[in-house]
Amino acid sequence: MESTNLSYASLLGALKNTYKNKSKLEKDVKTMNANLLEQQTLYLQMLNAQKILSTVAEENTNQVLNFITSMVNKVLAEIFSHDRYTISMKRKLFAGSKPHIVIELMDSDGNILDTSVQVGRGLNQIVSFMYVICLIEIRKGRRLIILDERLDGLHQEAKRFMSHIIEIFVKGGFQFIFIEYNLNNIGKLYNVEKKGNTSILVPVDGEYDNSCIFTSEVDLSLMDENAESEDEDVEETTI
């Protein structure tokens with residue numbers, strides 16, 4: 001009889017533990033369901049926010065691309081008035097995940113041209129020049145551009161027109177430093193002169209016609225065909 005009572009007591013204790021565990025599990029399940037519902041609501045909100053941001057980003061990107069395209073095409077239309085060129089900018093994915101902006105150049109017949117072989121270097125330089133200016137303006141970066149012979153592919157008339165474009169941007173707060181020939185009608189001109197082992201900048205007063213300038217301190221003896229070499233008596237040694 002005593003053993004039977006013990007068996008009932010053990011069974012009753014086990015049932016109590018099972019009921020307690022069941023109650024705890026039910027409470028945990030209820031809490032997890034509430035958390036799941038909250039997370040699902042948050043997920044839906046994030047999806048909607050992502051859609052809104054994507055829409056805004058899409059609109060902003062289109063505005064940026066349209067702005068750059070219109071600026072470049074206006075300049076191309078002025079310089080190449082007889083051979084009409086226009087650019088378009090398209091977004092493409094490389095490797096399925098890396099977005100790139102691709103610039104395509106078209107002629108007046110709508111043919112897409114290979115800029116590396118079908119047009120001159122000057123046209124590419126104009127597109128690059130205007131593209132950089134537009135990006136600086138859009139990003140509100142420092143309006144300082146330094147170019148080392150980046151317009152050397154343009155003929156003189158095209159450079160004269162570009163100087164007017166540059167003056168417009170200067171009035172808008174841009175600053176330019178050019179190392180360039182045939183761009184002598186804007187800003188301040190400096191000639192680079194070498195004295196010994198040091199090169200210095202010498203201001204150029206008046207008009208400059210791309211001829212060389214030498215100061216009185218520069219040694220011109222090397223240009224004199226009749227000048228005698230001081231090293232005539234020096235024996236040459238080959239090592």
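In the predicted model, N73 is buried, with a relative accessible area of 16%; the cut-off for this class is under 20%. The residue N73 belongs to helix 1, which covers residues 2-79. Leaving aside residues up to four places away in sequence, N73 touches Y85, T86 and I87.

The chain as a whole contains three helices and seven strands. Along the sequence these elements follow the pattern α-β-β-β-α-β-α-β-β-β. Of the 239 residues in the chain, 21% are buried. Among contacts in the chain with a separation of 6 or more, 46% involve residues 24 or more positions apart.

Three strands form an open sheet in the order 1-2-3, with antiparallel pairing. Strand 1 is joined to strand 2 (residues 98-106) by nine bridges, and the two run antiparallel. M89 has I103 of strand 2 as its bridge partner, and S88 has E104 of strand 2. In a regular strand, side chains alternate between the two faces of the sheet. The hairpin of strand 1 and strand 2 has three residues between the strands, and A95 in this hairpin takes a positive phi near 60°.

The pairing of strand 2 with strand 3 is also antiparallel and comprises two bridges. Here M106 stands opposite I112 of strand 3. Strand 2 and strand 3 form a hairpin as well, with five residues between them. In the turn of this second hairpin, G110 has a positive phi of about 85°.

Packing between helices was examined for helix 2 and helix 3. Two packed helices are described by the angle between their axes and the distance between the axes. Helix 2 (residues 121-139) and helix 3 (residues 156-171) pack at an angle of about 5°, and their axes are 13 Å apart. Helix 2 is therefore roughly parallel to helix 3, a class that takes in angles under 35 degrees. On the side of helix 2 the contact is made by I126, F129, M130 and I133, and on the side of helix 3 by M162, I165, I166 and F169. The residues of this contact comprise eight nonpolar, no polar and no charged. An α-helix has 3.6 residues a turn, so residues three or four places apart point the same way.

With 16 residues at 1.5 Å a residue, helix 3 should span 22 Å, and its end C-alpha atoms lie 23 Å apart, which agrees. The buried residues in helix 3 are A158, K159, M162, S163, I165, I166 and F169. Among them, M162, I165, I166 and F169 also take part in the contact with helix 2. Just after helix 3, G173 takes a positive phi of about 110°.

Positive phi values occur in loop residues other than glycine as well. K140 has phi near 55° and is placed in the loop between helix 2 and strand 4 (144-148). The relative accessible area of K140 is 62%, so this residue is exposed. N182 has phi near 60° and is placed in the loop between strand 5 (175-179) and strand 6 (190-195). N182 counts as partly exposed, at 33% relative accessibility.

Terms used. Residues numbered from 1 in each chain as written. Predicted model: local features only at pLDDT ≥ 70, side-chain atom pairs only at ≥ 80, totals over all residues. Heavy atoms only, no water. Axes fitted to C-alpha atoms, helices over the stretch in contact; angles between N-to-C directions. Helix = DSSP H or I, 4+ residues; strand = E, 2+ residues; numbered from the N terminus. Parallel < 35°, antiparallel > 145°, perpendicular 65-115°, else oblique. Contact = heavy atoms within 4.5 Å. Nonpolar A, V, L, I, M, F, W, Y, C, P; charged D, E, K, R; others polar. Expected span 1.5 Å × (residues − 1). Buried < 20%, exposed > 50% of the residue type's maximum accessible area, 1.4 Å probe, protein only. Pairing = 2+ DSSP bridges.
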